[in-house]
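Subject: Structure handover

Hi,

Here is the structure for you to look at. Please open it next to this email and follow along.

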Amino acid sequence: MWVRLELVTPATEKEVEKALAEQDTATLKVYGRFLEPILATMIQREKNPTKAAQLQNYLNIVYSHLVNQNLHRN
């Protein structure tokens, strides 16, 4: 049996937020497959609806990228 647990530290959130604001794709790529759960956690914690919507938009881009990667593998 496998259990998956995502722990997103405040430092990780700040780094991801800064990378998003600066469009720093190199930093975002460092998180690789963990970027999706990090963003999902950030969205759940966010109390500002505008900021949550911005994070959701970026998460949608990540999902699109993952789908495209999977389509090109076949």
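Two residues are in contact when heavy atoms lie within 4.5 Å. Keep that in mind for the next number. Take the contacts in the protein chain with a separation of 6 or more: residues 24 or more positions apart account for 39% of them. One caution before we go on: this is a predicted model.

**The whole chain**

The protein chain has 4 helices and 0 strands. Along the sequence, the pattern reads α-α-α-α. The C-alpha atoms fill a box of roughly 40 × 35 × 20 Å along the principal axes. The chain has 74 residues, and 26% of them count as buried. It exposes about 6000 Å². Carbon and sulfur atoms supply 55% of that area.

**Helices α1 and α3**

Start with α1 (residues 10-21) and α3 (residues 35-45). Their axes are 11 Å apart, and the helices pack at an angle of about 100 degrees. Angles of 65 to 115 degrees count as roughly perpendicular, so α1 is roughly perpendicular to α3. Which residues make the contact? From α1 come Thr12, Glu13, Val16, Glu17 and Leu20. From α3 come Leu35, Ile38, Leu39, Met42 and Arg45. By class, this contact has 6 nonpolar, 1 polar and 3 charged residues.

**The core**

Now look inside. The largest nonpolar core has 13 residues. Val16, Leu35, Ile38, Leu39 and Met42 touch the most other members. Helices α1, α3 and α4 each give two or more residues to this core. The largest share, 5 residues, comes from α3.

Stay with α3. Its buried residues are Leu35, Pro37, Ile38, Leu39, Thr41, Met42 and Ile43. They pack against α1, α2 and α4 (49-73). Pick out Ile38 and see what surrounds this residue. Leaving aside residues up to four places away in sequence, Ile38 touches Val8, Thr12, Val16 and Tyr31.

An α-helix has 3.6 residues a turn, so residues three or four places apart point the same way.

Last, find Thr27 in helix α2 (residues 25-30). Is Thr27 buried or exposed? Buried means under 20% relative accessible area. Thr27 has 18% relative accessibility, so Thr27 counts as buried. What does Thr27 touch, not counting residues up to four places away in sequence? The answer is Glu15 and Ala19.

Best wishes

Definitions and conventions: Residues numbered from 1 in each chain as written. Predicted model: local features only at pLDDT ≥ 70, side-chain atom pairs only at ≥ 80, totals over all residues. Heavy atoms only, no water. Buried < 20%, exposed > 50% of the residue type's maximum accessible area, 1.4 Å probe, protein only. Axes fitted to C-alpha atoms, helices over the stretch in contact; angles between N-to-C directions. Parallel < 35°, antiparallel > 145°, perpendicular 65-115°, else oblique. Nonpolar A, V, L, I, M, F, W, Y, C, P; charged D, E, K, R; others polar. Core = buried A, V, L, I, M, F, W, Y, C linked by side-chain atoms within 4.5 Å. Areas by Shrake-Rupley, 256 points an atom, 1.4 Å probe, with all protein chains shown as cover.
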